[in-house]
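Work through the exercises below with the sequence and the model open. Each task is followed by a solution in steps.

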Amino acid sequence: MTAQPTPDHLVTDRSLLSTKAYGTGQHLAARQSLYQWQTPRHDLPGIVVNELTDIRGAVADVGCGNGKFVARVREDRPDLTVLPMDVSHGILGTVPGAVVADVQQLPIADGALGAVLALHMLYHVEDQAQAVSELGRVLAPDGIAIVSTNSQTDKRELEHLWRQAAGDVLDIPEGPARVQLSARFTLEDAPAILGAVFADIRTIPLPGVIEVTDAEPVVAHLASYEAWADQMGVPFRETIERARERVNEVIQAEGGFRVTCLGGMLVCRRPCS
């Protein structure tokens with residue numbers, strides 16, 4: 001396993017990210033909503049707030065998306081100045097005070113932040129080494145970076161479901177894999193990539209099992225990859241509908257459709273000077 005994955009332009013194309021993928025919050029919300037059915041339920045914004053207990057001053061949420069974490073930090077820590085940022089102007093429409101910015105070149109002075117958040121977004125960055133360098137540059141000496149991503153084992157049942165449904169549509173035993181976002185920056189790869197800048201990295205594993213008795217949350221999750229439909233190698237809508245049928249078949253036979261999850265947060269500190 002390499003410390004710096006080969007860039008995948010399907011996942012890092014800024015034009016695609018800021019329009020089709022995250023031009024609105026619709027697709028991101030669909031992926032987030034699947035976790036309503038996870039056991040145990042992890043309060044991700046709450047975990048972030050807890051890690052910010054000793055932080056003062058300004059905090060940037062780089063790649064803030066629909067502002068889910070921004071809202072919680074502002075609510076629980078009104079003493080902090082929260083700076084929301086994302087490459088997509090469209091998704092920022094409902095996030096007060098947000099600015100368009102790229103983690104590879106942050107518009108923030110050296111050492112200006114008490115903390116910086118990069119949550120489920122570094123796999124979208126073409127030059128991850130530069131992005132991590134920027135996360136370190138903007139932090140005060142006692143500051144922290146909080147990064148999150150998924151394990152390479154996360155939601156394998158959904159990958160299997162997609163390939164089965166695609167195979168059915170194409171009339172072959174198994175269809176091509178779908179685009180996998182977090183594959184460029186997995187929980188297993190992250191410490192080595194972040195370790196180029198940060199000396200102290202603590203991982204908070206977040207395992208769980210999602211079980212649904214209705215196919216719709218799973219279908220919505222798969223459909224949220226519509227931005228990459230042309231690169232899937234299958235008729236996208238037909239495959240989505242076949243996946244719906246397969247999930248319903250499993251629910252009818254077993255009482256539920258289960259997905260095993262493993263994500264995590266990494267709390268990073270710069271080396272002491």
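**Exercise 1. A helix on the sheet**

Which strands does H5 lie across, and at about what angle does it run to S3?

Solution. The model used here is predicted.
Step 1. Find helix H5, which is made up of residues 68–76 and contains Phe69.
Step 2. Look for the strands under the helix: H5 lies across S2, S3, S5 and S8.
Step 3. Take the directions of H5 and S3; the angle is about 175°.

**Exercise 2. The order of the strands**

Give the order of the strands in the open sheet, and state which are the edge strands.

Solution. 
Step 1. Trace the eight strands across the sheet: the order is S1-S7-S8-S6-S5-S2-S3-S4, with mixed pairing.
Step 2. Pick out the strands that pair on one side only, which are S1 (38–39) and S4 (99–100).
Step 3. Look at the pairing of S4: S3 (residues 81–86) and S4 are parallel, with two bridges. Within this pair, Asp86 has Val100 in S4 as its bridge partner.

**Exercise 3. The neighbours of S5**

How many bridges join S5 to S6, and over how many do S2 and S5 pair?

Solution. 
Step 1. Begin with S6 (residues 139–150): S5 and S6 run parallel and are joined by six bridges.
Step 2. Go to the other partner, S2 (residues 58–62), which pairs with S5 over three bridges, again in the parallel sense.
Step 3. Follow Val116 through both pairings. Val116 in S5 is the bridge partner of Ala60, and Ala145 in S6 is the bridge partner of Val116.
Step 4. Check how far S5 (residues 113–119) is covered: seven of its seven residues are buried.

**Exercise 4. The buried residues of H6**

Which residues of H6 are buried, and what do they pack against?

Solution. 
Step 1. In H6 (residues 128–137), the buried residues are Gln128, Ala131, Val132, Glu134, Leu135 and Gly136.
Step 2. These buried residues pack against S5, S6 and helix H8 (190–194).
Step 3. Inspect the start of H6, where a side-chain oxygen of Asp127 comes to within 3.4 Å of the backbone nitrogen of Ala129.

**Exercise 5. The surroundings of Phe69**

Is Phe69 buried or exposed, and which residues does it touch?

Solution. 
Step 1. Phe69 has a relative accessible area of 13%, so it is buried.
Step 2. Leaving out residues up to four places away in sequence, Phe69 touches Leu44, Pro45, Val48, Asp61, Leu119 and Met265.
Step 3. Compare sequence with space: Phe69 and Val49 are 20 residues apart in sequence, and their C-alpha atoms are 8.9 Å apart.

**Exercise 6. Backbone details in the loops**

Is Lys155 buried or exposed, and is Asp171 buried or exposed?

Solution. 
Step 1. Locate both residues: Lys155 is in the loop between S6 and H7, and Asp171 is in the loop between H7 and H8.
Step 2. Read phi. Lys155 has a positive phi near 55° and is not a glycine; for Asp171, also not a glycine, phi is positive at about 60°.
Step 3. Lys155 has 4% relative accessibility, so it counts as buried. Asp171 has 71%, so it counts as exposed.
Step 4. Turn to the loop between S1 and H4, which holds Pro40. The peptide bond joining Thr39 and Pro40 is cis, with omega about -5°.

Conventions. Residues are numbered from 1 along each chain as its sequence is written. This is a predicted model: local features need pLDDT of at least 70, side-chain atom pairs count only at pLDDT 80 or more; totals for chains, interfaces and linings use all residues. Side-chain values use heavy atoms; hydrogens and water are left out. Buried means under 20% relative accessible area, exposed over 50%, partly exposed in between (1.4 Å probe, protein chains only). Helices (H or I, at least four residues) and strands (E, at least two) are DSSP runs, numbered from the N terminus. Two strands pair if DSSP finds at least two bridges between them. Contact means heavy atoms within 4.5 Å. A polar contact is a pair of N or O atoms within 3.5 Å; within protein, one must be able to donate a hydrogen and the other to accept it, and residues adjacent in sequence count only if both atoms are side-chain atoms. Axes are lines fitted to C-alpha atoms, for helices over the stretch in contact, and angles run from 0 to 180 degrees between N-to-C directions.
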